[in-house]
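Colleague: I would like to go through this model with you. Could we take it one question at a time?

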Amino acid sequence: MARLGVLLFLVQIVLAVCALISCLSAEEGQIRALPRIAWVLIILFFPLIGSIAWFLAGREAGSGARKGWLGGTGSPERQRPRTVAPDDDPEFLRSVQERAKEQDDELFRRWEEDLRRREDDLRRRDGEPPREGDRPEV
């Protein structure tokens with residue numbers, strides 16, 4: 001008989017904890033009849049009755065956690081477009097690659113111009129005219 005009492009006590013505690021979690025994580029629009037704080041106090045002071053009352057009358061029908069756990073699309077979070085992190089967004093990654101390629105091309109062009117200018121300066125010092133035909137076009 002004592003084992004049954006301990007088992008019922010544990011069931012009551014688990015039910016109260018589940019009801020508290022459900023109550024505290026429910027959206028404002030999902031709570032019926034009383035404010036959230038009233039439901040929390042009822043569940044804490046009357047664990048068995050308060051938990052059962054919360055699950056039967058305190059929340060909207062069909063707003064349980066089971067809906068989200070089964071992969072249903074009824075929860076508002078699943079209906080909203082998913083926000084993608086920048087490093088997972090293909091468009092962002094493509095734009096970063098394009099920008100990096102443009103910067104590399106610009107840097108390479110400036111280096112080539114600087115190298116040509118220096119070669120021309122060296123040739124002028126040595127008395128040779130700059131050679132236009134030997135230069136590759138960019």
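Colleague: Is F46 buried or exposed?

Modeller: This is a predicted model, where local features need pLDDT of at least 70, side-chain atom pairs count only at pLDDT 80 or more, and totals for chains, interfaces and linings use all residues. Residues are numbered from 1 along each chain as its sequence is written, and side-chain values use heavy atoms, with hydrogens and water left out. Buried means under 20% relative accessible area, exposed over 50%, and partly exposed in between (1.4 Å probe, protein chains only). F46 has a relative accessible area of 52%, so F46 is exposed.

Colleague: Where is F46 found?

Modeller: Helices are DSSP runs of H or I with at least four residues, numbered from the N terminus. F46 is in the loop between α2 and α3.

Colleague: How does R109 pair with E113, and how far apart are the closest N and O atoms?

Modeller: Side chains of opposite charge can pair when their charged atoms come close. A salt bridge is a side-chain nitrogen of Lys or Arg within 4 Å of a carboxyl oxygen of Asp or Glu. R109 and E113 both lie in helix α6 (residues 90-126), four residues apart. They form a salt bridge, with the closest N and O atoms at 2.4 Å.

Terms used:
Helix = DSSP H or I, 4+ residues; strand = E, 2+ residues; numbered from the N terminus.
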